[in-house]
Amino acid sequence: MVVDQTKASLSLLFDISRELTNTLDFHKVLDRVILLAVTNTGAERGTVIVLDQNQQPVNAAIVYEGSPHPYTVEQLRDILEHGLAGWVLDKREPALISDTSHDERWLRRPADMTDQSEAKSAICVPLMTGDRIVGVLTMVHPTPGFFNSDNYALAQAIADMAGIAIHNAQLFEDLQLAHQRYRDLFEDSIDPILLTNFDGIILEANRQAVQMSGFEDKILTGRSVIDLQLATPEILENCHKGLAEGKTTRFESQLIRGAEKPIPVEVYVRGVMIEDNPSLQWIMQDISQKKELDSLREDLTAMIYHDLRSPLSNIISSLDILSSMLPMETSPTLNSVFQITTRSADRMQRLISSLIDINRLETGQPITTKKTVNILELAQEAIEAVKPSIESKQQTFKWNFTQEMPILFVDADMIRRVLINLLENAVKFTPVNSVVEFGGKEEEETVLLWVVDSGPGIPLQAHQTIFEKFTRLKAEGGPKGIGLGLAFCRLAVEAHGGKIWVESEVGQGSKFIVRLPVTKPITGPLSNTGSNS
């Protein structure tokens, strides 16, 4: 007889376990938990309350006389605060009450008053998953003493299985919600997005990507980003390197659109996990308008530069003629004004020449005016160009060249303007009565030139961007400019096979360094290497 009862209990628990694991739908799991508990214990009504991480009620299922019963979150909170379920939650242990009328743990609602209804019996057990309580199960029968130890044990067994089932259903629901949020963000993004494997094969594309590419989704999926000219094998390899370092790769490319004109795009690539599979996410931004504006601006500036060059050349020629016509003994005031005018005209000519060279170098045109030059002579000429500014700010100039420097094969005028630009920047950002250093030396078949200022310094994140066109550091009250000087320096130095960079920290000044290749060394020491100013 005992064996038969044990078999029946095991069979019942097996059936309950199968029922609870049959679905991951959260609300269906709740309904099955309370229905199985009420049915198998013979209870009149039952309640299962689900709790969040903060032990607050977030969901529930209530059955009364075999039918679902409505509830409010306020009612659930009231039960947890004043009733038996709250005691079970607080003590983290089950409770069996034979007569609710004699137990202070029972919540006495109006319907439970002794003058309106009879006493009841109740079972309340916590639903556990590991050490965490995910809910509380309560069953009630109108007859005191109705529930016995077998009902109590069965309720605990159901609660053990229900805790796991509810926890799994919650995880599944959270996962579904997360997937839905991702799908919504993916599909509704204003930017075209592609998902590819690490070989660049497109796995998925959002609506914007389909619309931009001009291909249907089924045609786009399965193609390679290389076929779309969005990337090259080298770019894919760089993406892999960047992902290994946890970086997002950014570059400009184009997206082909069948027979239509390709679209220039700015692309951001980063690694993502899609259903436990490492993938690449490609976010594209159409930069057609930006490219058109850049082209228009470059055409306009080139026209302005050339239109300015002709009248400026006439001004400089006229100043040269006037200089030869002025008497030897000119008043100091007139001579000072004439020198200021000459220096300003020379500076304007350097600026316009640099702007024209920027356009020329950006189109890949080679430098055709190279010759062997004495770098020390170019350095001296650069110093002479900025000497009045150094003197007006009462700055100390430090010459730090070695006495023997190699010969360079360069465009002398272009490299002179590079040095002048760097010196002018140093003087501009160095405070009054502070130090500007200009130096150079030979190092491993190259010439290393540097200019050091005593200015406010440059933040690390700007060390690269300051060499881009129209980029200026926004220092309050600092010197203004159009952001082309350092862009010209970079293009000019790189066109000579060299390199330019900055070493700087905020508040510590800046050191701009130029490295140029050497042709052949000077056999003897050079004279007139300069002196401190």
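Leucine 422 touches Val451, Leu486, Cys489, Ile500, Phe512 and Val514, leaving aside residues up to four places away in sequence. The model in which these contacts occur is predicted.

**Nonpolar cores**

Leu422 is, with Phe438 and Leu449, one of the residues that touch the most other members of the largest nonpolar core, a set of 50 residues. The element that gives the most to this core is helix α12, spanning residues 412-429, with 10 residues. A second core is separate and has 26 residues, among them Val33, Val48, Ala61 and Ala155.

**The six-stranded sheet**

Six strands form an open sheet with antiparallel pairing, in the order β3-β2-β1-β6-β5-β4. Its edge strands are β3 (67-68) and β4 (95-97), each of which pairs on one side only. β4 pairs with β5, residues 121-129, in the antiparallel sense over 3 bridges. Within this structure, alanine 95 has cysteine 124 in β5 as its bridge partner.

The table sets out their contacts and directions.

| Helix | Residues | Strands touched | Angle between directions |
|---|---|---|---|
| α3 | residues 73-82 | β1 (45-51) and β2 (57-64) | about 90 degrees with β2 |
| α4 | residues 84-91 | β1, β4, β5 and β6 (132-141) | about 40 degrees with β5 |

**Two loop residues**

Tryptophan 106 lies in the loop between β4 and β5. Is this residue buried or exposed? Tryptophan 106 has a relative accessible area of 8% and therefore counts as buried, the cut-off being under 20%.

Glutamine 508 is placed in another loop, between β17 (499-504) and β18 (510-517). Its relative accessibility is 60%, so glutamine 508 counts as exposed, for which the cut-off is over 50%. Residues up to four places away in sequence not being counted, glutamine 508 touches Gly455 and Pro456. Between glutamine 508 and aspartate 453 the C-alpha to C-alpha distance is 9.1 Å, while in sequence they are 55 residues apart.

Technical notes: Residues numbered from 1 in each chain as written. Predicted model: local features only at pLDDT ≥ 70, side-chain atom pairs only at ≥ 80, totals over all residues. Heavy atoms only, no water. Pairing = 2+ DSSP bridges. Helix = DSSP H or I, 4+ residues; strand = E, 2+ residues; numbered from the N terminus. Contact = heavy atoms within 4.5 Å. Axes fitted to C-alpha atoms, helices over the stretch in contact; angles between N-to-C directions. Buried < 20%, exposed > 50% of the residue type's maximum accessible area, 1.4 Å probe, protein only. Core = buried A, V, L, I, M, F, W, Y, C linked by side-chain atoms within 4.5 Å.
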